[in-house]
Amino acid sequence: MTESHIATEHAAGHPALQHHFENMEQQREAGTLGMWVFLVTEIMFFGGMFLAYMLFRSAYPGAFVAGSNHLDINLGAINTGVLIVSSLTMALAVYSTQVGQRGMAVVFLIATMVLGLTFLGIKSVEYRDKYRDSLVPGRLIPGRPFHPAVQEHGAPNDPHKLHLPEGESVKHVELFYWIYFALTGVHALHMIIGIGLLSFMLYFSLRGRYSPEYHAPIEISGLYWHFVDIVWIFLFPLLYLLGRHLEHGG
Amino acid sequence: METAIRHSSFTIYHSIYHSPFTIHHLPNMSEHIVSRKIYFAIFGALMVGTAATVGAAFIDLGGHLNTVLALTIAVIKATLVVLYFMHVRYSSRLTWVIVGSGLFWLGIMFALTLSDYWSRNWITPF
Amino acid sequence: MGTFTKPTAPRVNYINAEHGLKSWLLTKDHKRIALLYLGSISFFFFIGSLYAIAIRLELLTPQGDLVQSSTYNKMFTQHGIIMVFFFLIPSIPATLGNFLVPMMIGAKDLAFPRLNLLSWYIYIAGGLITIYALLAGGVDTGWTFYTPYSTTFSNSYVVATGLGIFINGFSSILTGLNFIVTIHTMRAPGMTWYRLPLFIWAHYATSLVMVLGTPVIAITILLLAFERLAHVGIFDPALGGDPVLFQHLFWFYSHPAVYIMVLPSMGVVSELIANFSRKNIFGYKFVAFSSLAIAVFGFLVWGHHLFVASQSVYAGMIFSFLSFAVAIPSAIKVFNWTATLYRGSISWDTPMLYALGFIGLFTVGGMTGLFLASLAVDVHVSDTYFIVAHFHFIMVGGALFGYLGGLHYWWPKISGRMYPEGWGRFSALIVFVGFNLTFLPQFVLGYLGMPRRYHVYPPEFQVLHVLSTAGASILGVGLLIPLFYLIWTLRYGPVAEANPWHLPGLEWRTSSPPPTENFESTPIVTWEAYEFAPVEELKVIGKFRPEAEKA
């Protein structure tokens, strides 16, 4: 009885080819597609919080301006720059692997991770400042409820004190900070995961696993990293730059 | 028991049909390598965009224009990252569809929810 | 010339290929993972049923005499949570989907076998945390977790349960992701999109919903949990928040979630109707695209859960219109299934009985959904037993019937044994009768004003409640019978041949049970999805009992 199937040849077995794929191209395609589908889930995940942000900002515009202006724009802007540089180094890490420059790939991976850690370091400085100024909402820190010092009208400008316009409620400013912590906290968590992912990439790169023929994991990690950068690209203006044009005295 | 099934549908397929995913070509043939020049150019654009958005934030443009401008710059920056750093410019149509769907679905969630909030004031109580 | 190589039952198949607990708990084989899921979701179904029994027993009498109201709140909450999140949503995709998707497209496994195993472990982790919450004291907010009760006033284990559901969501996301990538990239040579079985189209559509919707409930539960812990947040009006925002975010997922529950079942029904009528599905492309349309439209209608929640009436009108629209692709499917039956060569095997039951019951459930899409009627029957009856017709009469039909249909493929047809038909009938007796009275109850989630009611409703509880007992018996005979067949059932139903599907062209790599060599597909011989050529009609082979 003749076989009605023609077995499809396997590509000359690349050591990284998994048994259920026909060839490396299929494996790469599947991996990339998988990461993109995952990123779509991330868009929807962050999207819920962006929706909440939108609604509460239109409900309490004055309070949101007050809260936003009280964030440290310098640290925010520096962090934006840090992440953009890290996206560049990530792209260059992928490039280096594609053209076979393994040494440079390792350098760029390390650079990306260092920049990511820098971002987290600056973020923790910001968080520490919030803690110190009692700006952590609700009972997230037991024993240190939300209780910012409010700038008295007419008193000399004190950057540590919240400028609260007439008629605005501290309660609503607290909601701003709730959304701030939710958005930046979840973002920071994703950065931590990203750095963890890159540490695996670094380890395998050092072991010489990746090459022009096989570098899909680095490319895929890059997709994740760039996505986390994009989230910040939106977070920065929405959280930090809301009402700078309405600031009195900068 | 094959009598229950049409015989003709089981003829041996002799031609050299391959599914799209059993193409034996050189690795990288379907992969476009973006040049470093482009990466640096995009990086420059992103930094310029960041500076612009910070600078513009301090100028009162009136009404909602500050927000519109800030979001426009953010969208441009994000688009550059997606197209070049994430290689979507050189990717398959399927990738385009996936990215587009994600954004479209986000849009659905925003638009229909806002349709509730923004139309609440339209009706006046009797 | 016909050259179909009849696969011989190999001595080694996926079940006996490796032995030992580790080979099951660390497996990457999608078929073994499907069985792991089969066991666990059956367990959760059983737990959910216990709560249902408690509810129906309490409702036998108008007084609240079996349990206190606080306990009753926990009963219906936990029934809902377990059934929705831990049974219905994973049921068909994680068992039949995991088992069959690679086989139906001619692949050796899913695209990401290790993620598949991780999915199961995540499911178990979420389930265990939720069980812990139930045992520690339970949750009483309703499976819908409406705020501010869930954020501020409930004294039950909201955070723990929420954590369990949150974790479980990732299982769903990973399964959907796996299916999408697999279907796009791993189809065998010749398996074009329009040659795919409709089961695959249905699972593809389901996966789109899983991937796009589940993250939203994830973030919603996360925000809910933190709000509860931190006493600040966006959902409690006393804190400046908006409870309607919670409902928007919750239902943005939970409405599409019902399509996660019913689309796979529709995929099964397409297979059953076509195969047991020995006739190509009528309007293949219409059915395929209807699955996609349901997935897309399903995301546009969530506001119909907020009609009475102070949502803007203009938004209500938009959602009402869209809710009518989403019924259209479902109706197209029902028409196409019916047209498939017409002049088919119908065999009344157990799977076909469940499929026919599906068509009838889903139609009733779907039409009552139209009542609810109508703003004015919904105001009247919202939060009554009409709603309860509506969704049980879809979830049980629809999703569960498809699941049972599919389980029986593919049982020989999965286990290598054939189930006893007489018992199969008998229990299908019992389930059908019991189901209708349970839930038809509930439409009347709801219309007459019986609120849902109440355990105390006016005495004039008792007759209907007694009928409903009687029906539930019959339904319970009908569901227990297959549990026993299916397990019985594992040891004593007649050995099934590779293709006991004599069907053209790709999954039937390998042995029963299949080898670990599914096919001896990669198939090359040259036939359309449901190519049956013309009716006149059939020599075997109605009797498809395999010769019992000595094992």
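Axes are lines fitted to C-alpha atoms, for helices over the stretch in contact, and angles run from 0 to 180 degrees between N-to-C directions. The model is predicted: local features need pLDDT of at least 70, side-chain atom pairs count only at pLDDT 80 or more, and totals for chains, interfaces and linings use all residues. Residues are numbered from 1 along each chain as its sequence is written.

**Chains B and C**

Helix α3 (residues 93-118) of chain B and helix α11 (residues 313-341) of chain C have axes that come within 8 Å and cross at roughly 140°; helices are DSSP runs (H or I, at least four residues) numbered from the N terminus. Angles under 35 degrees count as roughly parallel, over 145 as roughly antiparallel, 65 to 115 as roughly perpendicular and the rest as oblique; α3(B) and α11(C) are therefore oblique to each other. The table lists the residues in contact (heavy atoms within 4.5 Å).

| Helix | Residues in the contact |
|---|---|
| α3(B) | L112(B), S115(B), D116(B) |
| α11(C) | A315(C), I318(C), F319(C), L322(C) |

**Chains A and B**

Chain A brings 60 residues to its contact with chain B, and chain B brings 54 residues. The buried area (accessible area, 1.4 Å probe, lost on putting the two parts together, summed over both) is about 4,800 Å², with 77% from carbon and sulfur atoms. On the side of chain A that touches chain B, α1 (24-59), α3 (73-98) and α6 (216-240) of chain A each supply at least two residues. The largest share, 18 residues, comes from α1(A).

Definitions and conventions:
Chains lettered and ligands numbered in written order. Heavy atoms only, no water.
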